[in-house]
Amino acid sequence: ATDCPGEGINPIGQSIAKDYDFTSYDQVMAWFCEGAEFEDILVALETQSVTNEPADEMLQMLADGLSWNDIWILVGLEE
């Protein structure tokens, strides 16, 4: 991705990783470099913290065209 940072630390990615002890900065940036938006990464990690569903699976569902509402229904969250 053209927006994917090089050697420098991305402060947004760093902040997201710091808030979730079950992920790492490298993982957050890998998702970002694969095309996920930081906002969606944050939503996926927050959803994982509530449901224990893997964030990477939810990000893949999102990339496959599902909405967050669809994903939340699939993982057992109610609106």
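Predicted model: local features only at pLDDT ≥ 70, side-chain atom pairs only at ≥ 80, totals over all residues.

Residues are numbered from 1 along each chain as its sequence is written, and side-chain values use heavy atoms, with hydrogens and water left out.

Let me start with the helices. When I say helix, I mean a DSSP run of H or I with at least four residues, whereas a strand would be a run of E with at least two, and both are numbered from the N terminus. Two packed helices are described by the angle between their axes and the distance between the axes. Here, the axes of helix H1, residues 11–19, and helix H3, residues 38–51, come within 11 Å and cross at roughly 5 degrees. That is why H1 is called roughly parallel to H3. The axes are lines fitted to C-alpha atoms, for helices over the stretch in contact, and the angles run from 0 to 180 degrees between N-to-C directions; under 35 degrees counts as roughly parallel, over 145 as roughly antiparallel, 65 to 115 as roughly perpendicular, and the rest as oblique.

Which residues in H1 and H3 meet? From H1 they are Ile12, Gly13 and Ile16, and from H3 they are Phe38, Ile41, Leu42 and Leu45, where contact means heavy atoms within 4.5 Å. The residues of this contact divide into 6 nonpolar, 1 polar and no charged; in this scheme Ala, Val, Leu, Ile, Met, Phe, Trp, Tyr, Cys and Pro count as nonpolar, Asp, Glu, Lys and Arg as charged, and the others, Gly among them, as polar.

Let us stay with Leu45, which is found in helix H3. Is Leu45 buried or exposed? Leu45 is buried, with a relative accessible area of 0%, and the cut-offs are under 20% for buried, over 50% for exposed and partly exposed in between, using a 1.4 Å probe and protein chains only. Not counting residues up to four places away in sequence, Leu45 touches Ile16, Tyr20, Phe22, Thr23, Val28, Trp31 and Ala55.

Tyr20 sits in the loop between H1 and helix H2, residues 25–33, and Tyr20 is also buried, at 9% relative accessible area. Leaving aside neighbours within four places in sequence, Tyr20 is in contact with Leu42, Leu45, Glu46 and Ser49. Of these, Glu46 belongs to helix H3 and is partly exposed, with a relative accessible area of 40%.

Asn52 lies in the loop between H3 and H4 and counts as exposed, at 67% relative accessibility. Its phi is near 65 degrees, a positive value in a residue other than glycine.

Further along, Leu74 in helix H5, residues 68–74, counts as exposed at 58% relative accessibility. Beyond residues up to four places away in sequence, Leu74 touches Met61 and Leu66.

Finally, the largest pocket holds about 200 Å³ of space. Its lining includes Trp31, Glu34, Asp40, Asp56 and Leu59, and helix H4, residues 55–63, gives the most to that lining, with 5 residues. By class, the lining divides into 5 nonpolar, 2 polar and 4 charged residues.

On the terms, a 1 Å grid is laid over the protein atoms alone, and a pocket is an open set of points with protein on both sides within 12 Å along at least five of seven lines, whereas a cavity is a set where a 1.4 Å probe fits but cannot get out; lining residues have an atom within 4 Å of a point. Grid points are joined across faces, edges and corners, and a volume is the space filled by probe spheres set on the points.
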